[in-house]
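The sequence and the model are shown first.

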Amino acid sequence: MFSNGRKTIGILTENVVDEFSARLCRGVISEANQRGYNVACFSGFGNYGNNPEYFKGDCQIFELPPYELLDGIILLLDTIQDIPTRTRVLEYAKTRCECPVISIREKVDGANNLMIDNRTCMEPIIRHFLDVHHFTNLCFMTGPADRWYSTERLNCFLRIMEEYHLPVDDHQIFYGDFWKNMGKPACDWFLEGDKFPQAIICANDHMASAVASELIKRGYEIPKEICVSGYDGLTDTLYFSPSLTTAGVPFLEMGVKAVQIIDEKQNRPSQNENYYFDVNTLIRESCGCLQIHDREVIASRRDWYEKIIVEENRQIQFNFLSIHLGECTSIDDIAIKIPHYIDNIKDYKDYCICLNKDLENQETSTDYAPQMEVRIAIRDGRPMGPVKIPFDRHELLPAEVTSDAPQAWYFCPLHFESKTFGYDAVQFKTPDITANVYLSWSTNISNALQDVLLHHKMQNLITELEYMYDRDALTGMYNRRGFEKWANELLADAKSNQIPFFLAIVDLDGMKQINDNYGHVEGDFALKKVRDAIWNSCEGTKTNARTGGDEFILFANGITEEEAIQQLTALEDFLDRFNNCKLKPYEIHASMGYMYEIPKKDDTLETFLKHSDAKMYENKIKNKLRRNEPLR
């Protein structure tokens, strides 16, 4: 994989920009780099906007990994929102992988599990409020009821409250969403109880920041009137004012350990163990134990301010990216625009867009094609320009965009709703730079690809309509409209450059007799055989037409009269050869007349038509007399 002969570790997560995933990837990549492994991280962005069709396309990224070829796989199952997708990923890991399997934070049979003991992980914070602050009225916001770790964290709270002989009523427990959406209903619930809570302990940091924000909005002072704590130890808890007391999960260390296990168990992938990590209690302002002038807090808020400024500028850049991508009518156009904005993916080293092979000319699929193509590539910060590098899907990337050094690529889906276009891949300068893959970036590119494909489809439809508009349905030759359009162009060119213009009328002889005696199917056959004779005698199909029932026209400019006569002779020879084969109970003949000269100022297409038509009828009479056919 990656064409460098190194072993490859796969990471499967959702929303790699989330700090948990980002820090774990940092640990994985750093250790993998030291041990000479490649890393391939596959990540979607989650169900933003609750759009089921979009989410289907997003989840397709988990169909991309070449599970059978990986030398280790790390699963972050609890980050994947969609239960069927989570189940499918786990099934792939169990049935298709022949390598060590690592599950982070979620216990999986048949895998090496790197866990935090959810039965005890909340205990240090709960005891802090009970032993240090001597609180007796604590509230607990856990996660969804269908998550096992939500239940275990809640049971930890209930167990310790019982140990301290402190009763817990309904209004002291609230089931949240592990995200920032339920701060208001949680506060409504907790504040409706008979006793005003002294502290609200949340089962993760996202919910803690949501609760703290809502309390401040309602005019409560934290920690003076009420305390709040979280869990996970995310950097955002330092930015928040007041900084949030929390428990730090060693995500980076878990990533390092995952690689060590994979390396140690290369020859014994079925030997599985459980590993438990301790959390680190981080006492901060929101429980009243840390002064507001703490240096770490001040430094983090300064960094946060600088990040806001950078992010505001990046958002402006992405807005302009959207505008400029809207101008693109081809994938090559997109390739030209991307280098002007790629620096907004901070500290990237290499970037590729890989699309299903011949995407423009294929029916859009809901899966990745067996054959992919790199269509846009930037190596070491230098654009390769519009490219078209084919490769097998299981390779993930071709040799042209990788190197012999250990590779660490992030793969994210490019799709429009459930229609899968391909994926983009980014590699950063160092293992410390991760997760700078943006939803808005990928969405802009996906929307641009959709627009390009629609434009391409519309152009094909327009071309098809134009073809139908000026083409004869039976023969595929130009019809009267097509003939007049192109013949007038050639005639005008001949006038302008004072070169000869050639026009010949070819009329199928005995068309009525063939129809009357053998049916219209045979009449159509005869017409198409004359068409074949014309195309055989001419260099192309753009200088001939069927303009009536049994009438055909040849036209050209810039040829010699000898060449014009050769075309008509070749046409007759073709029909003679067909007749000599005796394939039909009738013969197919045609009469012809032509005009060849440099057009005068007043000459029109009608001039050439009248002259050629008159010559054709003269020849038709001669041909009938020669074949002893009645003159009628």
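## Strand pairing around β8

Two strands are said to pair if DSSP finds at least two bridges between them. The model described here is a predicted one. In it, strand β8, residues 199–202, pairs with strand β9, residues 227–229, in the parallel sense over three bridges. Within this pairing, I201 is placed opposite S229 in β9. Strand β6, residues 138–142, also pairs with β8 in the parallel sense, over four bridges; there L138 stands opposite A199 of β8.

In a regular strand, side chains alternate between the two faces of the sheet. Both faces of β8 are covered. A199 and I201 are buried on one side, and I200 and C202 are buried on the other.

A probe the size of a water molecule, rolled over the atoms, shows where empty space is left. Across the whole structure, three cavities of 30 Å³ or more are found. The largest cavity holds about 60 Å³ of space.

Its lining consists of D78, R105, I116, N118, Y149, R153, Y231, D232 and V249. By class, four of these lining residues are nonpolar, one is polar and four are charged.

## Packing of α14 and α15

The angle between the axes and the distance between them describe two packed helices. Helix α14 (residues 511–518) packs against helix α15 (residues 520–537) at an angle of about 145°, with the axes 7 Å apart.

On the α14 side, the contact involves M511, I514, N515 and Y518, which meet H520, E522, G523, A526 and L527 in α15. This contact comprises five nonpolar, three polar and one charged residues.

Methods. Residues numbered from 1 in each chain as written. Predicted model: local features only at pLDDT ≥ 70, side-chain atom pairs only at ≥ 80, totals over all residues. Heavy atoms only, no water. Axes fitted to C-alpha atoms, helices over the stretch in contact; angles between N-to-C directions. Helix = DSSP H or I, 4+ residues; strand = E, 2+ residues; numbered from the N terminus. Contact = heavy atoms within 4.5 Å. Nonpolar A, V, L, I, M, F, W, Y, C, P; charged D, E, K, R; others polar. 1 Å grid on protein atoms, 1.4 Å probe; cavity = no way out; pocket = protein on both sides within 12 Å on 5 of 7 lines; lining within 4 Å. Points joined across faces, edges and corners; volume = space filled by probe spheres on them. Buried < 20%, exposed > 50% of the residue type's maximum accessible area, 1.4 Å probe, protein only.
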